[in-house]
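Let's take a walk through this structure together. Have a look at the model first, and then we'll go through it piece by piece.

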Amino acid sequence: MITQMTSGIPHKVWLLFVAGPTLFLIAIVFASVFLSVHGINPEQIAQRVPLLMPHILLGVLLCLGALTHFALRSETVWVMPNARKALADVGFGLLVGVVLALAYFKLLAPLLEALQRTVGDYVPPGSVLPAVSGSLGLFFIANVLLAPLVEETIYRGYALPLITTHVGVT
């Protein structure tokens, strides 16, 4: 049984919405304190914590996966469609993904670069990879494998159906 909040949305949904950013913040603070306790000076902490981001992200995603499993274990979260429907959905998703990728590379990326150069938020090509190259495997696992699974499970598999039953579909 799910206890209801006054807004009609269960506590579990709010817990899952808030858990990701909260765990991420806790992990960053923990990493900073850990480095400080081991005698690292503040300037080096500011340089080392960003290098730990793939590890932090992986840990947060694993915690979110476990939290999702234990918080929702008594409820049906995500039911897989039959094979024909799943194959059709994958095909449609691939087609849409290719169209969006082409649109991004041909239209959006040049516009985004021009905007970033104008506003001042431009990151030159080649400057991101050296920061994550030592943890590229963890970065891949966290961002390509675990993040979509956790997001789909929490938002599409549980939160959206629950919200639509309380709010309605427009």
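In helix α6, a whole set of residues is buried: Ala 142, Leu 146, Ala 147, Val 150, Thr 153, Ile 154, Gly 157, Tyr 158, Ala 159 and Leu 162. Keep in mind that this is a predicted model. Helix α6 covers residues 136–167, and it has a kink of about 40° at Leu 146, shortly before the proline Pro 148.

Zoom out for a moment. The protein has 6 helices and 0 strands, so from the N terminus on you simply read α-α-α-α-α-α. Of its 170 residues, 21% are buried. Take the contacts between residues at least 6 apart in sequence, and 74% of them join residues at least 24 apart.

Now for the surface. A nonpolar patch is formed there by Tyr 104, Phe 105, Leu 107, Leu 108, Leu 112, Leu 115 and Val 119, and together they have about 710 Å² of accessible area. Leu 115 belongs to helix α4, residues 83–119. Leu 115 counts as partly exposed because its relative accessible area is 49%, and exposed means over 50%. Phe 105, at 59%, is exposed, while Tyr 104 is partly exposed at 35%.

The structure holds 2 aromatic pairs. In the pair of Tyr 104 and Phe 105, the ring centres are 5.4 Å apart and the planes sit at 75°, so the pair is edge-to-face.

Key: Residues numbered from 1 in each chain as written. Predicted model: local features only at pLDDT ≥ 70, side-chain atom pairs only at ≥ 80, totals over all residues. Heavy atoms only, no water. Bend = angle between axes of the 7 residues up to and from the residue. Helix = DSSP H or I, 4+ residues; strand = E, 2+ residues; numbered from the N terminus. Buried < 20%, exposed > 50% of the residue type's maximum accessible area, 1.4 Å probe, protein only. Patch = residues over 30% accessible without salt bridge, like charges linked within 9 Å, V, L, I, M, F, W, Y side chains within 5 Å. Areas by Shrake-Rupley, 256 points an atom, 1.4 Å probe, with all protein chains shown as cover. Salt bridge = Lys/Arg side-chain N within 4 Å of Asp/Glu carboxyl O. Phe/Tyr/Trp six-rings, centres within 6.5 Å; stacked < 30°, edge-to-face > 60°. Contact = heavy atoms within 4.5 Å.
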